[in-house]
Amino acid sequence: MRKIAGLLLLFTSFLLTSCTKAPEKSEEYFFAMDTYMTIEAYGETAKIAVSQARARVEALEKLWSATDENSEIFAINHGKNPELSEETLDLLSFTLEMSEKTGGAFDATIYPVLTAWGFTTEQKRVPEEAELAELLEKVGYEKVSADGKKISLEQGMMLDFGGAAKGWASDECAEIMRESGVKSALINLGGNVYAVGKRPDGNLWRIGVADPLSENSENAGIVEVSDRAVVTSGSYQRYFTQDGKTYGHIIDPKTGYPADNDLLSVTIVAEEGKLCDVLSTALFVMGREQAERFWRENGGFEMILIDKSGGIFVTEGIAGDFSSDRTVNTIK
Ligand code: AMP
Ligand code: MG
């Protein structure tokens with residue numbers, strides 16, 4: 001009897017494994033928006049969804065690139081006043097609203113200052129204080145006004161969606177996945193991650209949070225998520241060093257200098273990639289104390305902060321989903 005039961009078990013497990021074959025994986029790896037991107041998805045409709053998502057990212061890049069002479073942003077930044085697409089108007093109004101909310105820590109008009117530091121041309125330099133003071137007069141989200149489908153900028157003002165576009169694009173990719181019936185996908189647009197559903201094996205997606213102090217790109221920890229965006233900003237991602245001092249690519253709009261406070265990185269976890277992208281940049285500008293206050297006062301997102309001494313601070317909403325070998329402090 002026991003023998004028959006054993007055989008039966010063997011037979012059913014054989015049946016199970018042969019019926020539940022792993023879902024098909026489709027993946028594309030490409031360069032867009034000045035960074036490397038990977039989109040992987042599982043299931044029968046994955047292949048089409050992945051290529052649609054990639055095409056969408058490339059289309060958004062064509063609209064928003066600050067360096068492509070045919071983009072809407074290039075036209076605006078070079079004294080033209082074209083009728084803007086729905087997408088550009090939507091992103092602009094979202095960033096303006098977030099600039100207001102973050103007290104100007106996020107400001108999509110920072111481009112003239114960013115250019116002076118050479119971050120847009122790869123000819124990095126430390127500008128004179130007087131030069132920065134003059135350029136800061138051309139910065140200020142509150143000076144941007146929309147008039148129907150057009151916007152007017154003062155002479156010398158420029159827009160740059162570098163701190164928000166990838167997050168926005170990741171939301172659109174996630175939407176394409178859902179509409180295509182994809183239940184499991186991982187979208188990584190240059191560190192702007194969107195995890196759709198769960199992993200094909202039914203477990204949560206595990207997203208590594210980089211250790212900014214590690215020379216071998218090790219993780220400071222892992223956050224487990226489902227249907228969430230995870231976005232990290234930090235000056236360690238793009239910077240240059242001059243006379244022993246390091247200058248990062250995230251600018252404090254109040255001073256015109258690269259944000260330099262107690263933080264090395266800010267990771268935001270929320271349902272929307274666009275929110276994560278803008279907030280990771282803005283809270284990096286704020287520093288730890290102000291970032292924590294912003295979280296307490298506004299909510300709607302969770303975050304992982306890493307400070308200059310390697311300290312890890314995680315908001316209580318995701319503390320249980322974050323694992324690390326190191327001490328983790330909970331933000332309440
Ligand atoms: P992220 O990698 O998302 O933190 O965005 C950094 C990019 O956003 C920079 O490379 C700039 O293009 C732009 N940027 C820098 N500082 C700011 C700021 N304070 N507000 C908005 N965008 C910024
Ligand atoms: Mg950002």
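These questions and answers walk through a predicted model, from its metal site to its strands and loops. Local features need pLDDT of at least 70 and side-chain atom pairs count only at pLDDT 80 or more, while totals for chains, interfaces and linings use all residues. Residues are numbered from 1 along each chain as its sequence is written, chains are lettered from A and ligands numbered from 1 in the order in which they are written, and side-chain values use heavy atoms, with hydrogens and water left out.

Q: Which residues coordinate the magnesium ion (ligand 2)?
A: Donors are N, O and S atoms within 2.8 Å of the metal (3.2 Å for Na, K and Ca); water is not among the atoms, so sites may look incomplete. Here the distances run from 2.0 to 2.5 Å. The donor atoms are O of G163, O and OD of D277, and OG1 of T281.

Q: Are G163 and T281 buried or exposed?
A: Buried means under 20% relative accessible area, exposed over 50%, and partly exposed in between (1.4 Å probe, protein chains only). Both G163 and T281 are buried.

Q: How many residues of helix 8 are buried?
A: Helix 8 has 14 residues and spans 20 Å from its first C-alpha to its last. That is close to the 20 Å expected at 1.5 Å a residue, where the expected span is 1.5 Å times one less than the number of residues. The helix is mostly covered, and the count of buried residues is 14 of 14.

Q: Which residue just after helix 8 takes a positive phi?
A: Most residues other than glycine have a negative phi. Just after helix 8, the phi is about 90° at G287.

Q: Is K274 buried or exposed?
A: K274 forms a salt bridge with E272, the closest N and O atoms being 3.9 Å apart. E272 counts as partly exposed, at 38% relative accessibility. K274 has a relative accessible area of 17%, so K274 is buried.

Q: How many salt bridges does a search of the whole structure find?
A: One of them joins the side chains of K25 and E27 at 3.7 Å, N to O. K25 is partly exposed at 44%, and E27 is partly exposed at 45%. The search of the whole structure finds 18.

Q: In what order do the three strands of the open sheet stand?
A: Two strands pair if DSSP finds at least two bridges between them. Strand 7 (205-210) and strand 15 (322-323) stand at the edges, each with a single partner strand, so one side of each is left without a neighbour in the sheet. Six bridges join strand 7 to strand 8 (residues 219-225). The pairing is antiparallel, in the order 7-8-15.

Q: Which residue in the turn between strand 10 and strand 11 has a positive phi?
A: Strand 10 (residues 239-242) and strand 11 (residues 245-248) pair in the antiparallel sense over four bridges. Y239 stands opposite G248. The two strands form a hairpin with two residues between them, and the phi is about 50° at D243.

Q: Where does M33 lie?
A: M33 is not a glycine, yet its phi is positive, near 50°. With a relative accessible area of 13%, M33 is buried. Its place is the loop between strand 1 and strand 2 (35-42).

Definitions and conventions
A salt bridge is a side-chain nitrogen of Lys or Arg within 4 Å of a carboxyl oxygen of Asp or Glu.
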